[in-house]
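Here are a few notes to read alongside the model.

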Amino acid sequence: MRENLFLVASQVGTLFLMMAVGFVLARLGKLTRDNLPRMTFLLLYVVIPCLIVNTLQTECSPEVLRSMGAAALVTAGLYAVYCLLILPFFRRQPPDTRAPLQFGVVYGNVGFMGIPLIRAVLGTPGMLYVTVIFIVFNAYNWSHGILLMGGRRRFSLKRAVLNPGILATAVGLPLFLLGIRLPPVVGSAVSFLGDMNTPLAMIVIGAQMAFADLGATFRDRRLYLAAFLKLAAMPALTLLVLYPLGLDPVLYSALIILAATPTGGTASMFAQQFERDAVAGAQVVTLTTLFSILTLPAFVLLAKLAGGA
């Protein structure tokens, strides 16, 4: 037990140390607000797609296909439950504030924090599952998420389908199913670019926190409810609901860990894009990220113990 706790704490601590690098660089003025959109674009449109394609460069077998199918079905069901459960919360808030708070509880930082964390804690077996989970997450994020933030008038089927995660899957999945391996030169380049995800994502998150108004964030009581729901209620619910299903231990652990990730940056980006309360969106990202320093190690350990991964 003590060894597991130390191992998990050290793995999570490594990620937060990389976040500290981004925080310090931003405070020193070496990273500016103008830099972050460019770095985020690089992550979303180059690094994460390369990571997805590289993860799918593995042997395809009936057992692996069944596991991936199970991961997709369970993840789709989980997000349907999340979307329904959040409806009663924040009803007294103005619609422009309610939308980013509800969005922030449902959609965690699966791409920037979840993928590096799964890689660190569960290794290669977890990465195949997290790729499938990320695909389903993207489908919900760009469909339900946009309906929640922008309403039906702002929903776009094209945007829901043509996002970086889905496009990378459209490239990587046929290669996976047909057993085609990329040429060594191309495969190495894709692998190296995908490996940038962990450090670059952590630096971006750290820099985002450096630009946040922490005083105003800590004074807003609404955010504490959002943080509790995102960091404690959602992962605890995931752990309890999935336990009787007898899932593969790695998949079970991955779903719990990803449910415990803090709110993703899209909460603030979508709020700004769809003219919602962008300040509330940014604040829930900041507060949940800060508090996840305490909650993430606990749920990572619980996931590993409950799942036996």
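Predicted model: local features only at pLDDT ≥ 70, side-chain atom pairs only at ≥ 80, totals over all residues.

1. Helix α3 (residues 62–85) and helix α5 (residues 110–141) have axes that come within 10 Å and cross at roughly 60 degrees. With angles of 65 to 115 degrees counted as roughly perpendicular, α3 and α5 are therefore oblique to each other. Their crossing is right-handed.

2. Next, the residues that make this contact. On the α3 side they are Val-64, Ser-67, Met-68, Ala-71, Ala-72, Thr-75, Ala-76, Tyr-79, Ala-80 and Cys-83. Their partners in α5 are Val-110, Leu-128, Tyr-129, Val-132, Ile-133, Val-136, Phe-137 and Tyr-140. Sorted by class, the contact holds 16 nonpolar residues, two polar ones and no charged ones.

3. On to the aromatic rings: 13 aromatic pairs turn up in a search of the whole structure. In one of them, the ring centres of Phe-41 and Tyr-45 are 4.5 Å apart and the planes lie at 20 degrees, so this pair is stacked. Both residues belong to helix α2 (residues 35–55), where they sit four residues apart, about one turn of the helix.

4. Finally, a word on confidence. The protein has a mean pLDDT of 87, with 96% of its residues at 70 or more. Helix α12 (residues 221–242) has the highest confidence, at a mean of 95, while helix α7 (residues 157–161) has the lowest, at 71.

Notes:
Residues numbered from 1 in each chain as written. Heavy atoms only, no water. Axes fitted to C-alpha atoms, helices over the stretch in contact; angles between N-to-C directions. Helix = DSSP H or I, 4+ residues; strand = E, 2+ residues; numbered from the N terminus. Parallel < 35°, antiparallel > 145°, perpendicular 65-115°, else oblique. Left-handed = near helix turned anticlockwise from the far one by under 90°. Contact = heavy atoms within 4.5 Å. Nonpolar A, V, L, I, M, F, W, Y, C, P; charged D, E, K, R; others polar. pLDDT = per-residue confidence, 0-100. Phe/Tyr/Trp six-rings, centres within 6.5 Å; stacked < 30°, edge-to-face > 60°.
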